[in-house]
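Subject: Structure handover

Hello,

Here is the structure I said I would pass on. My notes on what turned up in it follow below.

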Amino acid sequence: MTTTPTRRLPTLILPPGWVHLPVLDDNAPTAARTLAPLAARGPRDSVTPYVREAERSLVVTLDEARDAGSFAVALPLGLPALVPVSTAIALRFLDPAGGTAALPETGESVQTDAGAARRRIVDAAPVDADADEVVLLRTIDYTWLHDGRYLLAFASISGLPGPDYRPITGAMTLLVTTMLDALTWPTADGEVSS
């Protein structure tokens, strides 16, 4: 009998209300299990429609991450924020296309708990966006090298494009970069290392 070694996955420190979910071929059971506690929070007639819609939305998010090659997603699922800005982080491994993997030359060179990385922060809000339309405001991506492969982390921040929400976008950016700067690799004995 032969065994295939299990690939060690990176570890993220999550703020309260955040979840780290695997991305699978069928994401419906994960969404249902993750959101099941919400159903017990209130009257069935008012909570059930909200939970069903939240499940549908979470399945779409996880399916999109699966289609992009991600193996996990981290996102806030605690109490809804009172501001129309949200974020999510997707993690993906990528083999180098022929040859040896090297960090990209674009982006800012940063030192993280998982080692050297390249980070890019890009403002993405369209100039002509409707003030009441939720749009992609900013993207944040990190690239690490680990065991001859790339680990890519991609975060998107979406919300209303008005100037009143720029400080919230900045705060979300700080939260995401802090989380990704603290990403670590578990060792064979379960400890974390860079």
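Which residues does Trp144 touch, not counting residues up to four places away in sequence? They are Leu103, Thr112, Ala114, Gly115, Ala116, Ala117, Arg149, Tyr150, Leu151, Ala153, Leu180 and Leu183. Please keep in mind that this is a predicted model.

Core

Trp144 is buried, because its relative accessibility is 0%. It also belongs to the largest nonpolar core, which has 25 residues. The members that touch the most others there are Ile89, Leu91, Tyr142, Trp144, Leu151, Leu180 and Leu183. At least two residues of this core come from each of β2 (72-76), β3 (85-94), β6 (135-146), β7 (149-159) and α3 (166-181). Another core lies apart from this one and has 16 residues, including Leu38, Val47, Val51 and Leu58. As background, nonpolar side chains tend to be buried together in soluble globular proteins.

Aromatic rings

There are three aromatic pairs in the structure. In one of them, the ring centres of Tyr142 and Trp144 are 5.3 Å apart and the planes stand at 20 degrees, so the pair counts as stacked; the cut-off for stacking is under 30 degrees. Phe71, Phe93 and Trp185 make up one aromatic cluster.

Salt bridges

The structure has eight salt bridges. I describe some of them here.

Asp95 and Arg149 are joined through their side chains, at 2.8 Å from N to O. This pair links distant parts of the chain, since Asp95 sits in the loop between β3 and β4 (108-112) while Arg149 is in strand β7, 54 residues apart. Asp95 is partly exposed, at 48% relative accessibility, whereas Arg149 is buried, with a relative accessible area of 14%. Arg149 is also one of the residues that Trp144 touches.

Salt bridges with shared partners connect Asp63, Arg66 and Asp67 into one network. Within it, the closest N and O atoms of Arg66 and Asp67 are 3.1 Å apart. Arg66 is partly exposed at 29%, and Asp67 is exposed at 61%.

A further bridge joins Arg56 and Glu53, at 3.3 Å from N to O. Both residues lie in helix α2 (residues 44-67), three residues apart, which is about one turn of the helix. Arg56 is partly exposed at 48% relative accessibility, and Glu53 is partly exposed with a relative accessible area of 44%.

Regards

Conventions: Residues are numbered from 1 along each chain as its sequence is written. This is a predicted model: local features need pLDDT of at least 70, side-chain atom pairs count only at pLDDT 80 or more; totals for chains, interfaces and linings use all residues. Side-chain values use heavy atoms; hydrogens and water are left out. Rings of Phe, Tyr and Trp (its six-membered ring) pair if their centres lie within 6.5 Å; planes under 30 degrees apart count as stacked, over 60 as edge-to-face and the rest as tilted. Buried means under 20% relative accessible area, exposed over 50%, partly exposed in between (1.4 Å probe, protein chains only). A nonpolar core is a set of buried Ala, Val, Leu, Ile, Met, Phe, Trp, Tyr and Cys residues joined through side-chain atoms within 4.5 Å. Helices (H or I, at least four residues) and strands (E, at least two) are DSSP runs, numbered from the N terminus. Contact means heavy atoms within 4.5 Å. A salt bridge is a side-chain nitrogen of Lys or Arg within 4 Å of a carboxyl oxygen of Asp or Glu.
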